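Below is a short note for a colleague who has not seen this structure before. Please read the points with the structure at hand.

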Amino acid sequence: MNNRLKVLRAERDWSQADLAHALGVSRQTVNALETGRYDPSLPLAFKIARVFGQPIEAIFTED
Amino acid sequence: MTPPAPSKRPFGLGTFVLMMVGIMIVGGLAGGGAAVFGDQPGPLGTALTVGMIALAMAVAFAACIWWWRGIDEAAREAHKWAWWWGGSSGMALGAILVLTLSLRDEDVSVLGIEGGAADLVSGGVLAILLFQMAGYAIAWAVWWLKHR
């Protein structure tokens, strides 16, 4: 899957560590998410959507 | 824009290392206790040995449960993948070695294993565990390298 995590994070001027703290995951997990090499679980996807204030479909898209 | 309030942080490498040190200390104490109490003759000695080892295993298991609950989902996925592929491959390699040595009745004293049947059994188990752990560690590193 593709995602806009890096773009959304950059718009808010957050570091990967900031986002990791907000999501309750490690910075390595945020990096894996942003590079598209790891797809989040449904609960984590909802959490990401809540943190960015956007619907899941606006953040994640299929290949 | 200020970052949102932090959630509970997952365990990192430092917590894992501390946990492993703790488990090794408990294991060492249990091993020492089993060696001391195991000298007791008859069923009492057996029961004490089993009890000490079972206690150490229970403490290690409890530590693993506590640690598993504290890591995030990507770390869990890495460990599951590594345990399956790395652990299985490692165990298969270890089994090839151990089975070859036992089926061909090879002289294992060249590997530094000398003694009776009990030593051979524990040597075989440890050999397979070693290969399994090595396979697991390699696979775990590969998962994280692939997901950077």
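1. In chain A, 56% of the contacts with a separation of 6 or more are between residues 24 or more positions apart; contact means heavy atoms within 4.5 Å. This is a predicted model, in which local features need pLDDT of at least 70 and side-chain atom pairs count only at pLDDT 80 or more, while totals for chains, interfaces and linings use all residues. Residues are numbered from 1 along each chain as its sequence is written, chains are lettered from A and ligands numbered from 1 in the order in which they are written, and side-chain values use heavy atoms, with hydrogens and water left out.

2. Chain A has 5 helices and 2 strands, in the order β-α-α-α-α-α-β along the sequence. Helices (H or I, at least four residues) and strands (E, at least two) are DSSP runs, numbered from the N terminus.

3. The C-alpha trace of chain A spans about 25 × 20 × 20 Å along its principal axes. Of the 63 residues in chain A, 43% are buried, that is, under 20% relative accessible area with a 1.4 Å probe, protein chains only.

4. L8(A) lies in helix α1 (residues 5–11) of chain A. Is L8(A) buried or exposed? L8(A) is buried, and its relative accessible area is 0%. Neighbours within four places in sequence aside, L8(A) is in contact with F52(A), Q54(A) and I59(A).

5. D39(A) is 31 residues from L8(A) in sequence, and their C-alpha atoms are 17 Å apart in space.

Terms used
Buried < 20%, exposed > 50% of the residue type's maximum accessible area, 1.4 Å probe, protein only.
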